[in-house]
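Visitor: Hi! I have a new structure open on my screen. Could you walk me through it?
Guide: Happy to. Let's bring it up and go piece by piece.

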Amino acid sequence: MLRIIFGGTFNPLHWGHIRPALALADELSAQAIHLMPSAIPPHRDTPSVSAEQRLQMVTLACELDSRLQAEDWELQQNRHSYTAITLAELKQKYPQDTLVFALGMDAFNALDSWHQWQQLVDHAHLVVMRRGDTERQLKPVLSAFVAARELELSALQQQPAGGIYFAQTPLVDISATDIRQRINNSDSWTHMVPPAIADYINQQQLYR
Ligand code: ATP
């Protein structure tokens with residue numbers, strides 16, 4: 001079975017995460033989408049929003065579709081998390097399954113700054129979701145990385161790991177930064193997240 005691992009700070013999780021991830025699961029015929037909040041280093045943490053609250057928002061979103069599940073692996077580790085290491089650990093947990101690590105185009109274009117980034121494909125495929133105007137304008141170092149590994153969908157589905165695929169996911173122009181600013185400025189924002197997450201943010205008075 002094919003599992004999508006989708007990591008992020010999810011501060012908060014929004015439709016720009018959920019809609020492309022569900023479309024990706026359709027496109028790849030994936031049976032599970034693990035929404036995996038990352039531990040935020042203390043100096044980058046948003047005041048007043050805890051890891052538990054970010055995880056709770058992810059858990060609320062899982063009611064939307066049976067393929068969605070909250071993955072607390074990185075939050076459970078008592079250390080800084082690196083995606084390449086997490087993927088190796090998740091592969092041990094699901095040895096029979098094909099893992100796909102999903103990320104937006106903006107994140108992919110900064111991949112060479114990630115710890116052990118060339119090892120990200122050792123235990124999973126990398127699948128890139130469309131975002132903003134960053135369509136396929138890759139840095140040379142990443143172009144070379146892609147050139148050696150880009151696969152058609154059918155090949156991706158047949159290999160256990162090591163491929164890169166650019167998906168046809170819908171463009172959804174939402175960012176968590178924009179949501180946090182809108183809440184802080186009392187601008188409209190509730191349409192950018194599922195209703196249950198909007199209710200939770202209001203109830204917990206987050207981002208104010
Ligand atoms: P922030 O504005 O706080 O940086 P963000 O909205 O970019 O947050 P993250 O949690 O940092 O969200 O992103 C996690 C992952 O989701 C990244 O791979 C990112 O590229 C992807 N992503 C976020 N928003 C979108 C979007 N609107 N469309 C496609 N991918 C997205």
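**A walk through the model**

Guide: Let's start towards the end of the chain: Tyr-207 is buried, with a relative accessible area of 6%. Keep in mind that we are looking at a predicted model.

Visitor: Where is Tyr-207 found?

Guide: Tyr-207 sits in the segment after H9. Its phi is near 65°, a positive value in a residue other than glycine.

Visitor: OK, new topic. How many residues does the largest nonpolar core have?

Guide: It has 42 residues, and Ile-4, Leu-28 and Leu-35 have the most contacts inside it. Several elements each supply at least two residues of this core, including strand S1 (2-8), helix H1 (15-28), strand S2 (32-37) and helix H9 (195-204).

Visitor: Which one gives the most?

Guide: H1 does, with seven residues.

Visitor: Nice. What does Ile-4 touch?

Guide: Leaving out residues up to four places away in sequence, Ile-4 touches a list that includes Ala-21, Leu-24, Leu-28, Ile-33, His-34 and Val-100. Apart from this core lies another one, of 23 residues, among them Met-36, Leu-103, Val-146 and Ile-164.

Visitor: What polar atoms lie by the ligand's oxygen and nitrogen atoms?

Guide: Take the arginines to begin with. A polar side-chain atom of Arg-131 lies 2.9 Å from an oxygen atom of the ligand, and an N or O atom in the side chain of Arg-180 is 3.1 Å from an oxygen atom of the ligand. Ile-174 uses its backbone: an N or O atom there lies 3.0 Å from a nitrogen atom of the ligand.

Visitor: How much of the ligand does the protein bury?

Guide: Taken alone, the ligand exposes 600 Å², and the protein buries 85% of that.

Visitor: What about His-125, buried or exposed?

Guide: His-125 is in strand S5, and it counts as buried because its relative accessibility is 0%. A polar atom of its side chain lies 2.7 Å from the backbone oxygen of Gln-159. The side chain of His-125 also reaches the backbone nitrogen of Gly-163, at 3.0 Å.

Visitor: Last one: what is in the loop between S1 and H1?

Guide: Pro-12 lies in that loop, and a cis peptide bond joins Asn-11 and Pro-12, with omega about 5°. Phe-10 is found in the loop between S1 and H1 too. The phi of Phe-10 is near 50°, which is positive in a residue other than glycine.

Visitor: Is Phe-10 buried or exposed?

Guide: Phe-10 counts as buried, because its relative accessibility is 1%.

Terms used. Residues are numbered from 1 along each chain as its sequence is written. This is a predicted model: local features need pLDDT of at least 70, side-chain atom pairs count only at pLDDT 80 or more; totals for chains, interfaces and linings use all residues. Side-chain values use heavy atoms; hydrogens and water are left out. A nonpolar core is a set of buried Ala, Val, Leu, Ile, Met, Phe, Trp, Tyr and Cys residues joined through side-chain atoms within 4.5 Å. Buried means under 20% relative accessible area, exposed over 50%, partly exposed in between (1.4 Å probe, protein chains only). Helices (H or I, at least four residues) and strands (E, at least two) are DSSP runs, numbered from the N terminus. Contact means heavy atoms within 4.5 Å. A polar contact is a pair of N or O atoms within 3.5 Å; within protein, one must be able to donate a hydrogen and the other to accept it, and residues adjacent in sequence count only if both atoms are side-chain atoms. Accessible areas come from the Shrake-Rupley method with a 1.4 Å probe; for residues, only the protein chains shown count as cover.
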